[in-house]
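Thanks for coming. I'll go through one model briefly, starting with the chain and then turning to its helix pairs.

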Amino acid sequence: MKKGNFSRIRYPSFLLTAALILSLLAGGCGSSSSDSSAVAETAAVFENDSQQNMAAASENGAGASAGITSSFGSPSGTDDSDSFSLERKLIRTVSMNVETTEFDALITSIQENVSRLNGYIERSDISGNSITSQGYSSNRYGSMTIRIPADSLNDFVTQVEADGNVTYKSENVSDVTLQYSDVESRLKTLRTEQERLWELLAIADTTEAIIALEERLTEVTIEIESSESRLRYLDNSVTYNTVTLSIDEVDTESPTQPENIFQQIRRGFSQNLSSLLSFLSAAVIGILSGSPTLIFILLMALLIWLLFKKLPVKIRRERKKKLHASEDIHAVLQEDEEPDSEKKS
């Protein structure tokens, strides 16, 4: 633990010890002298242990600034045969984008490899089969977060690369050795303080002292649980590395190696031919599936055409009828006029 971190522990503990001594001595007027001396001795022991912890933490801080330290605060660079270097705590995270034309087979292979390597799948999102409006099966997508034991990570990554077409891969390594050592030192100091507080609580004989001790015990217990939780998280992250997979189902895998001119021509020809066949197939499907609508539109168009075609004929007939009627009337009028003229003559 660093020196600055320990100062935040020691000073409150020192002040608490001094306050407890004063309160216990002040409240011990009605108690026996032996009880007061026991309290003073216990407080003195607690203060002595706190000073020893501060010295050990100072050595730890000096070793950490110089590099990796031992768990007892001695630098790893010394020649002391009792000193030893801390075991490296490394957290590896791998992210991969994978293409495949055999989606179900790749998912099954990943699940089998995870089980074989004693890992587990932390999260899995996989889209199901669906049919497009043209009647084709849409391409699927999968996203998985997998935890693999650290010593089996390379084996798992190699197997994924063999089963699918990896288009992207990144790896990140975080060294949490010093962070782990700091949390361990912090936890050790808190447990020591907790034990001494329990000892002081057992001999406390005033209400004020008991309340002060219980409040500090609550704070120390919360800090201990937080430190233990942090250590468990770091242990799990170091023991089980994380692999994030993004899996795409494709019709043709993307090239991962440089292609010569003949390979590029062949790949381009295949893609264009596939696109043309897809277009023709979609056109035929669209025409046949929309045939009821097309037939209805054609019938309506034919009916309108026939109506417009017959309309002029009907109009001409009506005009002829009117013309004939007017001619008949004119002829009758002429016949009526001729006898009158003959009479006059």
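Of the 345 residues in the protein chain, 28% are buried. Keep in mind that this is a predicted model.

Now the contacts. Taking those in the protein chain with a separation of 6 or more, 77% are between residues 24 or more positions apart.

As for secondary structure, the chain has eight helices and five strands. Read from the N terminus, their order is α-α-β-α-β-β-α-β-α-α-β-α-α.

On to the helix pairs. Two packed helices are described by the angle between their axes and the distance between those axes.

Take helix H3, residues 103-116, and helix H4, residues 153-163: their axes come within 11 Å and cross at roughly 165°. An angle over 145 degrees counts as roughly antiparallel, and H3 and H4 are therefore roughly antiparallel to each other. Their crossing is right-handed. On the H3 side, the contact is made by Leu106, Ser109, Ile110, Asn113, Val114 and Arg116, and on the H4 side by Asp155, Phe156, Gln159 and Asp163. By class, that gives four nonpolar, three polar and three charged residues.

The other pair is helix H5, residues 177-203, with helix H6, residues 207-239. Here the axes come within 9 Å and cross at roughly 155°. That angle makes H5 roughly antiparallel to H6. The crossing of H5 and H6 is left-handed. Their contact has 15 nonpolar, four polar and 10 charged residues.

That's what I have on this one.

Methods: Residues are numbered from 1 along each chain as its sequence is written. This is a predicted model: local features need pLDDT of at least 70, side-chain atom pairs count only at pLDDT 80 or more; totals for chains, interfaces and linings use all residues. Side-chain values use heavy atoms; hydrogens and water are left out. Axes are lines fitted to C-alpha atoms, for helices over the stretch in contact, and angles run from 0 to 180 degrees between N-to-C directions. Helices (H or I, at least four residues) and strands (E, at least two) are DSSP runs, numbered from the N terminus. Angles under 35 degrees count as roughly parallel, over 145 as roughly antiparallel, 65 to 115 as roughly perpendicular and the rest as oblique. A crossing is left-handed if the near helix is turned anticlockwise from the far one by less than a right angle, and right-handed if clockwise. Ala, Val, Leu, Ile, Met, Phe, Trp, Tyr, Cys and Pro count as nonpolar, Asp, Glu, Lys and Arg as charged, and the others, Gly among them, as polar. Contact means heavy atoms within 4.5 Å. Buried means under 20% relative accessible area, exposed over 50%, partly exposed in between (1.4 Å probe, protein chains only).
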